[in-house]
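Keep the picture open beside you while you read.

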Amino acid sequence: MSSKLRNFFIDNAVVILFVVLIAIAIPVSGLPGTFLMQEILTRLGRNTFLVIALLLPIMAGMGLNFGMVLGAMAGQLGLIFITDWNIVGIPGLLLAMIISLPISVFLGWLCGSIMNLAKGREMVTGFILAFFMNGLYMMVVLYAMGSIIPIMNPELLLSRGYGIRNVVGLDGVRQSLDTLIPLKIAGLNIPAFSFLIIAAVSYFIIWFRKTKIGQDMRAAGQDRAVSGAAGIPVEQTRILAIIISTVLAGIGQIIFLQNLGTINTTSSHEQIGMFSIAALLIGGASVTKASIPNVIVGVILFHLLFLVSPMAGKNLIGSGMLGEYFRQFVSYGVIALALVLYEWKRVTQENDSRATLRGGGAPAAKEAKGGAA
Amino acid sequence: MTSRSLFQRSCVLLGFIALSVYLFYIGKGHMLLIDTNAVTINGKELRSPETIEVSIDGKPAESMGRAERILVLVGGPKHSITIEVLSGEDKTVEKQFTIPTFMDSAVVSVPAILGDAPPESWITTFTAPPVEEAPAEQMQHEQDTPEAAAQASPDATGAGQPKP
Amino acid sequence: MDSMKRFVADFGLPRIIITLYLFALFFAAPFVGVNLPASISDTMIRIGMNGIMVLALVPMIQSGCGLNFGLSLGVIAGLLGATISIEMGFVGAWGFGAAILISQVFGAVFGYGYGKLLNRVKGGEMMIATYVGFSSVMIMSIAWLILPFKDPTMIWGYGGTGLRTTISVEGFWRHILDDFLVIQIGENFKFPTGAILVFAAMSFLIWVFFHLKIGTAITAVGSNPTYARASGINIDRMRIVSVMMSTMLGALGIIVFQQSFGFIQLYEGPLYMAFPAVAAILIGGAGVNKATLTNVFIGAALYQGILTMTPSIFNAVLKVDMSDVIRIIVSNGMILYALTRKTKVAK
């Protein structure tokens, strides 16, 4: 095997592993191909935007942004309000996005600032911050709404008179985005408008990377110290990355929920961070490098796994739960793997550069000194 | 912050606010009750024909008899109603009407429209007790508490503390 | 005034707020009709239940491995010990002892592997700990489904495969520590002497350990790695020892927890068990790379106190149960505070 082919396999090990895994699991599960294709198309339209929200923080050297959940919460708050005011259709979705905007910006700023206080530990901090914010979110949604925050529609409230009910139906805006441009090819429903929006935001990311601020962000991500010395406002740039990420997550969550058609007030946002991050990593991204192809490939593979695992598990040992646990194991495991690979590489490089300083040893490492954990 | 960027940011903010108001206006949902009950306007009693077919905004038509109400959910202020009379004199009437933004439920009176009553009398606010026909329920009533749902949420959970 | 200011800065504003909050709760109790003896009794029981898990975090913090979010690995070791002990049919003190013994074996093995992994990823331990912990819980969930357990109290009825989600330890070793030398005063106050004794004993052992040569070596590795290396201490080996200790203590901790709680929780139960312990030790004054036994005691007491008192007081006063939300905010807020603090020790 030529060296170039071998390098291809090593670089894309994770993706190849998953393709093989899924190729085996699909026939075992017994699910028909057309069903899978339709599901994947729907899920691409639904989830891709959220995964794209993760790209900028990675570029800025802040690692996997577990704090994107904050954006999801903002998006949900927007949706709750427009449902309360009964604004329907595309105007409803747009209004929800506009409402979520200031909330996302504020939460993103908060998240970025806190992460700046914990340099080197951005990922854990974002991880815990998401849980913390979840508590505040619940305080708002379960106790303040209906009492301090006026809610016009009493049907939205719990029986005790305040607090939003567990399940909020989005009948007014359900599928509004997906059916805006109805497209049917070979018997499959394609959410054309959602794809258009995804293409637009992808283009935005690509364009942003080339702007001055985008270049600053990349520089800050590669090496904080050198960028700072070069005059780049590293702290603000990092916060900006998180703010944009949070705003995109808010919009992404709105797109996600309008497709599902219901909000689960306390839990719709919870797993979204983990799923999006796992999908991105399965698509071949790493803690320091991620691009649009990683997003698309990742969403497809991750969701295929999602779909076939329960049935495959059932057919293998008669328990659907096996597939479920396997799927969760894979999600957690791929994140663990990505983190280990990243830290391992970083430690090895640091050791190498230290060895040269001591006089002797492997050639010095030249990058990833702005590491995030 | 320079005064120019302050001006720019204020413009953007105002733009968003204006956009929000606009979206609110064109997106406000309404519950229309198409009503064929007899109404009395200006002393004259107007009644609906025996069978008609009604269509709102070009949606599939529904047939109605006398003294009935059907529910149609719409979004936005301006709508059209097409009434096709099937019994007696065949005629088709198409009219445009506007729902005030803050009127959540509106009764649209078919006899008033057919009887050429003044447009202000076509739409009235719906205030009576709930209609017999199953209204589209947007949220189901559940008795579960949020605490039960919060228990299931992942966080720094004290793993199953025994209740005192 | 100066020393007061220094105390506040050292102790940390959030901790002071939490302490005052707890005192306020205790103070308000008799006025709102909450039974104070019962509350104190509950708090003591919970401290006995959870104390060792909090203790388990100390070795890894001291050795510089950070907060052990992967404590679930130790919990899994404990679960294996408990289930195998029941499967072998041991009851009472024998069952309890067997469970502990088996769990320590697994804990040592898991800890060793876990420690070797963490040695390769110095600097990023906490995040990896979290996800290694999560992944292990999921593998074990698959294992619980397919491992050949046969005991009827543990497997699903009607011929299903695998173990039940919760297994009762009634009839085996339920409350074996709580009721050991228990002090019962009146109807409402029960002091779980056995559990508290075990907690105290383990704490003492840890205290002794850290005053031995190996203990001070571990502390040196965490607080000043350059000095440690210069003194000839094998940093990697010390870290592995600390991780093994943490995992083994975690295994012990979950068994003590189960005897009081009454149930073994399998599958996704252990997923988030590390977090309350982490929050507790941080509330007690520990930092990301320094923890003392005082931190453990104060932390466990404060944390469990809040957990016990908040629901009862809030329910009595506001007729609303915000305890869950408050717990989330307090625990995670505390961890957040610790993560963002500038560490005084140079790394």
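1. Areas here come from the Shrake-Rupley method with a 1.4 Å probe, and for residues only the protein chains shown count as cover.

2. A word on ground rules: this is a predicted model, where local features need pLDDT of at least 70 and side-chain atom pairs count only at pLDDT 80 or more, while totals for chains, interfaces and linings use all residues. Residues are numbered from 1 along each chain as its sequence is written, chains are lettered from A and ligands numbered from 1 in the order in which they are written, and side-chain values use heavy atoms, with hydrogens and water left out.

3. Chain A has 14 helices and four strands (DSSP runs: H or I of at least four residues for helices, E of at least two for strands). Its radius of gyration is 22 Å, close to the 21 Å that the globule rule gives for 373 residues, so chain A is as compact as a globular protein of that length. The radius is taken over C-alpha atoms, and the rule is 2.2 Å times the number of residues to the power 0.38.

4. Along its principal axes, the C-alpha trace of chain A spans about 75 × 50 × 35 Å. Of its 373 residues, 58% count as buried, meaning under 20% relative accessible area with a 1.4 Å probe, protein chains only.

5. Over to chain C, which also comes to 14 helices and four strands. The C-alpha trace of chain C spans about 65 × 55 × 35 Å along its principal axes, and 59% of its 347 residues are buried. Chain C exposes about 13900 Å², with 70% supplied by carbon and sulfur atoms.

6. What is C:Tyr131 in contact with, leaving aside its neighbours within four places in sequence? The partners are A:Phe66, A:Phe127, A:Met274, A:Tyr332, A:Ile335, A:Ala336 and A:Leu339, where contact means heavy atoms within 4.5 Å.

Conventions: Buried < 20%, exposed > 50% of the residue type's maximum accessible area, 1.4 Å probe, protein only.
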